[in-house]
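Trainee: I would like to learn how to read local features from a model. Can we work through one together?

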Amino acid sequence: MSRYWSDIVQQLVPYVPGEQPAIARPIKLNTNENPYPPSPRVVAAIAAELGETGDSLRRYPDPLSRRLRETVAAQVGLKPEQVFAGNGSDEVLAHVFQALLKHDKPLRFPDISYSFYPTYARLYGVQHEVVPLADDFSIRADDYLGDAGGVLFPNPNAPTGHALPMAEVARIVAANPSSVVVVDEAYVDFGAESAIALIDRYPNLLVVHTTSKSRSLAGMRVGFAFGHAALIEALNRVKDSFNSYPLDRLAQAAAQAAYEDDAYFRTTCARVVASRVRLTQALQALGFEVVPSMANFVFARHPVHDAATLAARLKEQAIFVRHFKLARIDQHLRITVGTDDECDAFLNALRGLLK
């Protein structure tokens with residue numbers, strides 16, 4: 001702490017990301033990265049943008065990411081003016097908090113959810129209340145029906161992997177006509193339904209996506225928001241008051257190529273889903289209780305073995321999983337779905353620890 005800090009800095013509890021191990025070949029199942037590389041078209045698009053000399057890098061990128069937004073809009077069945085592009089979905093969410101969620105009534109989001117939500121609420125002075133999940137870690141739509149300054153939840157939820165049916169999502173949106181409902185769909189491509197199909201029916205719905213998970217571009221930092229043009233305009237007003245050029249040339253080229261190669265995207269997602277089923281069954285055979293997941297991770301606990309101890313012992317073997325020191329989930333591990341070889345190495349190490 002320093003006497004030069006502003007008051008808000010002293011009050012902040014920053015978000016803590018998953019560990020990025022500085023070792024040669026870790027088995028990294030702690031940050032929900034895709035185990036497969038991006039489409040070959042992505043690599044080619046980056047090379048084409050650079051050219052032989054990299055001359056394009058001396059010029060600013062398109063501040064509106066127009067070609068990228070047009071490509072993504074066509075893929076999801078919207079108009080370009082219904083698409084906002086930002087520097088990862090975290091930046092998109094930051095702009096959402098400022099532009100759409102700061103009102104007299106409190107914002108509602110789940111108590112066990114993406115831990116950046118309370119961080120942003122404190123940073124931007126957004127009144128909020130956390131809503132407990134059900135005992136099975138599901139979101140209860142009835143808890144979000146009306147009289148809020150906004151509603152925000154991931155679908156599928158993180159770190160649990162549980163997904164709400166689209167009828168329940170629609171019920172929440174319809175019950176909050178005077179405030180914005182934000183559905184964070186970072187993991188939706190691994191088996192859940194997207195609320196994008198509801199956007200034209202509900203002017204208060206905003207859906208947030210990322211390229212970090214299903215499109216293997218965590219290193220490029222590209223995210224999107226989808227909604228009615230009036231909501232997107234609000235985000236652009238905040239963006240242009242903060243940083244007019246959030247996406248560099250390489251990021252725009254990479255994300256556009258990733259969306260253009262739909263076949264590769266679908267194949268990769270299907271491989272992750274198949275590995276998730278395999279990993280879930282193997283964990284259950286070892287005595288773990290596994291929350292039904294529609295994401296690229298599983299959330300599991302063992303009725304006998306302490307989760308923090310298991311995570312620490314796995315780390316000694318250069319195998320990284322995520323453990324949260326939070327009430328209700330401090331005996332759970334969140335395990336990213338890796339390649340089958342990575343999952344097998346994890347399971348073999350786990351078998352040794354359980355003995």
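Predicted model: local features only at pLDDT ≥ 70, side-chain atom pairs only at ≥ 80, totals over all residues.

Trainee: What is the relative accessibility of Cys269?

Mentor: It is 6%, so Cys269 counts as buried.

Trainee: Next, helix packing. What describes two packed helices?

Mentor: The angle between their axes and the distance between the axes. Take helix α4, residues 88–100, and helix α5, residues 116–123. Their axes come within 10 Å and cross at roughly 45°. That makes α4 oblique to α5. The crossing is right-handed.

Trainee: Which residues of α4 and α5 meet?

Mentor: From α4, Asp90, Glu91, Leu93, Ala94 and Phe97. From α5, Phe116, Tyr117, Tyr120 and Ala121.

Trainee: At what angle do α4 and helix α7 pack?

Mentor: About 105°, with the axes 9 Å apart; α7 spans residues 229–239. That makes α4 roughly perpendicular to α7. His95, Val96, Gln98, Ala99 and Leu100 of α4 make the contact with Leu231, Ala234, Leu235, Val238 and Lys239 of α7.

Trainee: Now helix ends. Which residue caps the N-terminal end of helix α2?

Mentor: Ser39 does. One of its side-chain oxygens lies 3.0 Å from the backbone nitrogen of Arg41, and α2 covers residues 40–50. After α2 comes Gly51, with a positive phi near 65°.

Trainee: What should I expect of backbone geometry?

Mentor: Most residues other than glycine have a negative phi, and most peptide bonds are trans. Look for the exceptions. Asn32 is not a glycine, yet its phi is positive, about 60°. Asn32 sits in the loop between β1 (27–29) and α2, and is buried at 1% relative accessibility.

Trainee: Where does Ala318 lie?

Mentor: In the loop between α10 and β11 (319–323). Ala318 also has a positive phi, near 65°. Its relative accessible area is 22%, so Ala318 is partly exposed.

Trainee: Which peptide bond has omega near 0°?

Mentor: The one from Asn155 to Pro156, which is cis. Pro156 lies in the loop between β5 (150–154) and α6 (166–174). A cis bond also joins Ala158 and Pro159, with omega about 15°. Pro159 lies in the loop between β5 and α6.

Trainee: How do I read the surroundings of one residue? Where is Val183 placed?

Mentor: Check its element, its burial, then its neighbours. Val183 is in strand β6, residues 181–184. Its relative accessible area is 0%, so Val183 is buried. Leaving out residues up to four places away in sequence, Val183 touches Phe153, Asn155, Val169, Leu205, Leu206, Val207 and Val208.

Trainee: Is His302 buried or exposed?

Mentor: His302 is buried, with a relative accessible area of 10%. His302 lies in the loop between β10 (297–301) and α10 (307–316). A polar atom of the His302 side chain is 3.2 Å from the backbone oxygen of Leu286. Beyond four places in sequence, His302 touches Leu286, Gly287, Phe288, Gln331 and Leu354.

Methods:
Residues numbered from 1 in each chain as written. Heavy atoms only, no water. Polar contact = N/O pair within 3.5 Å; in protein donor to acceptor, adjacent residues only side chain to side chain. Helix = DSSP H or I, 4+ residues; strand = E, 2+ residues; numbered from the N terminus. Buried < 20%, exposed > 50% of the residue type's maximum accessible area, 1.4 Å probe, protein only. Axes fitted to C-alpha atoms, helices over the stretch in contact; angles between N-to-C directions. Parallel < 35°, antiparallel > 145°, perpendicular 65-115°, else oblique. Left-handed = near helix turned anticlockwise from the far one by under 90°. Contact = heavy atoms within 4.5 Å.
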